[in-house]
Amino acid sequence: MAAVSPRRQHAQALFAPLGPTYDRYAALLSFGQDPRWRRYLVSRTSAGPADTVLDVATGTGAVASELIRRRGCKVVGLDQSAEMLAEARRRLPARVELVEGEADRLPFADASFDALTFTYLMRYVDDPGATLHELARVVRQGGTIAGLEFGVPPNPVARELWRLYVGIGLPLAGRLISPGWQAVGDFLGPSIERLWERLPLEHLLDLWRSAGIESVSYRRLSLGGGIVMWGRSR
């Protein structure tokens with residue numbers, strides 16, 4: 001059995017206590033933007049009632065639920081957190097298959113899915129390029145791959161306001177909610193900045209293309225606080 005990386009261990013510990021309150025406070029602490037970003041992610045995904053979509057880092061199932069509502073497709077949700085999956089199992093229809101697993105070692109055959117979505121994933125994987133290859137591997141030719149990540153606003157004024165919020169406001173809010181959300185408040189801002197320092201947007205888009213994803217596009221949302229990227233498997 002492969003050793004669990006420190007990055008994965010930290011992610012599992014971070015999310016373990018959050019399941020029952022995750023959707024509520026993710027919406028509140030993002031001023032309603034997190035649900036809007038997830039809806040836009042689903043809007044970039046081409047799928048219909050006859051299709052099966054893999055939702056990676058499904059968490060409590062918010063994107064999976066939106067895929068079912070808007071696309072009528074079959075959904076398989078995968079996450080490395082057993083606790084978050086337990087909450088997703090409580091919320092989602094019984095027909096949704098939920099799998100505990102890792103994005104960089106998917107337990108599925110090549111071209112198993114018609115489309116794939118993932119949310120806030122790149123900060124929690126050790127090798128983003130290898131992970132994108134693995135995501136593309138399980139999507140049939142021509143199938144949509146779409147991902148959502150937190151961003152750092154490119155406008156200098158918006159960026160400083162963002163830094164004030166994630167550096168002061170978010171940690172304070174987390175302390176008022178619970179120890180689990182305190183950990184999120186302390187971690188979130190620095191982790192987002194570290195991601196884009198080690199993986200600038202153009203480099204990440206190149207990794208998408210190198211993974212066998214074509215027609216790669218992206219859109220910044222909420223002044224750049226969120227970024228949705230999408231393309232098609234070659």
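**Before starting.** I keep in mind that this is a predicted model.

**Helix H9.** I looked up residues 201-210, which form helix H9. Which of its residues are buried? I found Leu 201, Leu 204, Leu 205, Leu 207 and Trp 208 on the buried list. These residues sit on the same side of H9, because they cover an arc of only 155° around the axis.

Next I asked what the buried residues of H9 pack against. On the helix side I noted H6 (128-137) and H8 (179-198). On the strand side I wrote down E4 (113-119), E5 (139-150), E6 (213-221) and E7 (226-233). I also checked what follows H9, and there I came to Gly 212, with a positive phi near 95°.

**Surface patch.** I then turned to the outside. Val 157, Leu 161, Leu 164, Ile 168 and Leu 172 make a nonpolar surface patch of about 510 Å². I picked out Leu 161, which I located in helix H7 (residues 156-177). Is Leu 161 buried or exposed? I have it down as exposed, because its relative accessible area is 56% and the cut-off for exposed is over 50%.

**Nonpolar core.** Last, I went inside. The largest nonpolar core has 77 residues, and I see Leu 54 and Phe 118 touching the most other members. H8 gives the most to this core, with 7 residues.

Leaving out residues up to four places away in sequence, I listed its contacts as Val 76, Leu 78, Leu 106, Phe 108, Phe 113, Ala 115, Leu 116, Thr 117 and Val 138.

Definitions and conventions:
Residues are numbered from 1 along each chain as its sequence is written. This is a predicted model: local features need pLDDT of at least 70, side-chain atom pairs count only at pLDDT 80 or more; totals for chains, interfaces and linings use all residues. Side-chain values use heavy atoms; hydrogens and water are left out. Buried means under 20% relative accessible area, exposed over 50%, partly exposed in between (1.4 Å probe, protein chains only). Helices (H or I, at least four residues) and strands (E, at least two) are DSSP runs, numbered from the N terminus. The arc is that of the directions from the helix axis to the C-beta atoms. Contact means heavy atoms within 4.5 Å. Patches are made of residues with over 30% relative accessible area and no salt bridge: like charges are joined within 9 Å, nonpolar side chains (Val, Leu, Ile, Met, Phe, Trp, Tyr) within 5 Å. Accessible areas come from the Shrake-Rupley method with a 1.4 Å probe; for residues, only the protein chains shown count as cover. A salt bridge is a side-chain nitrogen of Lys or Arg within 4 Å of a carboxyl oxygen of Asp or Glu. A nonpolar core is a set of buried Ala, Val, Leu, Ile, Met, Phe, Trp, Tyr and Cys residues joined through side-chain atoms within 4.5 Å.
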